[in-house]
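Reader: I'd like to learn how to read a few features of a protein model. Could we go through them together, one at a time?

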Amino acid sequence: MKKIRIGCGSGGCTYERLEPTEELLKKGDIDYLVFECLAERTIADAQMEKLRDPNMGYNPQLEERMRRFMALALEKKTKIISNMGAANTPGAVAKIREIAEELGIKGLKIGMVQGDDITHNIGRYGDTLLMDRNIPVGRLEEVVSANVYLSGDPICEALDNGCDIVVTGRVADPALFVGPLKHEFKWTTEQKHLMGQALLLGHLLECCSQVTGGFYADPGHKDVEGLERVGFPIAEIDETGDFFITKVEGAGGIVCEGNCREQLLYEICDPGYYITPDGIADFSQVTFKTIGPDKVLAQNASSKGEPVNYKVNIGYSDCYIGEASISFGGSSALARAELCADIVRKRLKIIGVAPDEFRVDFIGYNSLYKDSISRFITPDVHSEIRLRVSARTKTFEDAQAVAREVQCMYINGPAGSSGIDYDIRKVLSVDNILVPREDVSWTVSYCEV
């Protein structure tokens, strides 16, 4: 029975460790290596970088990864798939080709997926409502980026045409894994169980080490050994759709039913109706079964067919944020921090600054859950508190004023303060719209070294 092994070498949008990826290539016996490198805001940030420098806008670790892993992957006959193209897929492919030539690599075929960037065409959707803010796109002051979450189909096409490396911009995270499965097994949307399993595999692996022990450990409750050398995940799947998750033997971390269940529920809202461009996944009947050390079998996912719409991630210039923080120590730390916050609030009224949003956090007391937990489990005496004041404003000047008022607390505020820090920044916000599937077209182009 035909089977393939897929490894994931990244689940982070900026920096990721390199040693576990090398371990995957040398010891993992993998057919595909996926680098998943985009979060919701990443494309917008990359587009801003590209505006500053037209040669940039792809993942900042692309060059480092390709110099270290491209030749090894070719030697191992492992194909590389990644969304490291971000906002500049042509630039990413040009850099890969340049590195291949420098390293003397021959016989390399690269596929480039385009079509996700519809920024130039966003005006046609001016009346379409944003999913979170519920205002029309046309009311946004400045749209920086608009990228469609593409399916795995263009990746499949690139692999069908013999590519060793496939580079994309914005695709749905599971699509990076669904693409090679469609290529290898010729699965179609109509095969509901098989597509459900493909989507499940992609969803479990997309955040890399989150399914091998990362973001899972809780000492005394969920102990994980060797997180300093956590191994990256491998999925082995056969033509029936059944697959198991594992890692390189001896690597740190853990693969168990518990962290598979946690990753299953990550970011999907309704487990019975998780919408992706490759299919609407039904994970409500999924089961996990331990079949060996660090080896968990995943079964019983299904799909409810393709959605009629594609999601588009929109990045837009929004506002400014002024933020400043200051520390207080000693038995009355909380009281002095509260007084400091009160002074800042009153000062903003005096100088005529009215933020659109104003927030005060007492870090170490209520910055995560406000009063819903702290009042029950926190003792009355707080030996140290860090006050953080932040505000969302329409202008840079108002944001600066908020930060400056905290800066003044050294000599104008309560006793015993220290360690003031501040930041004023323009905010690049993100939201989403839905567009008809038939509006979206993609292309795959090729180059050889």
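This is a predicted model: local features need pLDDT of at least 70, side-chain atom pairs count only at pLDDT 80 or more; totals for chains, interfaces and linings use all residues.

Reader: Where does G9 sit, and which residues does G9 touch?

Author: G9 belongs to strand β1; strands (E, at least two residues) and helices (H or I, at least four) are DSSP runs, numbered from the N terminus. Contact means heavy atoms within 4.5 Å. Leaving aside residues up to four places away in sequence, G9 touches E16, T21, L24, L33, V34, F35, C208 and F232.

Reader: T21 and L24 are in that list. Which residues of helix α1 are buried?

Author: In α1 (residues 19-27), the buried ones are P20, T21, L24 and L25. They fall within an arc of 140° seen down the axis (taken from the directions from the helix axis to the C-beta atoms), so they line one face of the helix. The general idea is that an α-helix has 3.6 residues a turn, so residues three or four places apart point the same way.

Reader: What do the buried residues of α1 pack against?

Author: Their partners are β1 (3-10), β2 (32-35), α3 (62-75) and β7 (233-238). After α1 comes D29, with a positive phi near 55°.

Reader: Where is the kink in α3 centred?

Author: On F69, with a kink of about 45°. The bend at a residue is the angle between axes fitted to the seven residues ending there and the seven starting there. F69 is also one of the buried residues of α3, which include L62, R65 and M66. The cover over the buried residues of α3 includes β1, α1, β2, β3 (79-82), α4 (89-102) and β6 (165-167).

Reader: What follows α3?

Author: K77 does, and its phi is positive, near 60°.

Notes
Residues are numbered from 1 along each chain as its sequence is written. Side-chain values use heavy atoms; hydrogens and water are left out. Buried means under 20% relative accessible area, exposed over 50%, partly exposed in between (1.4 Å probe, protein chains only).
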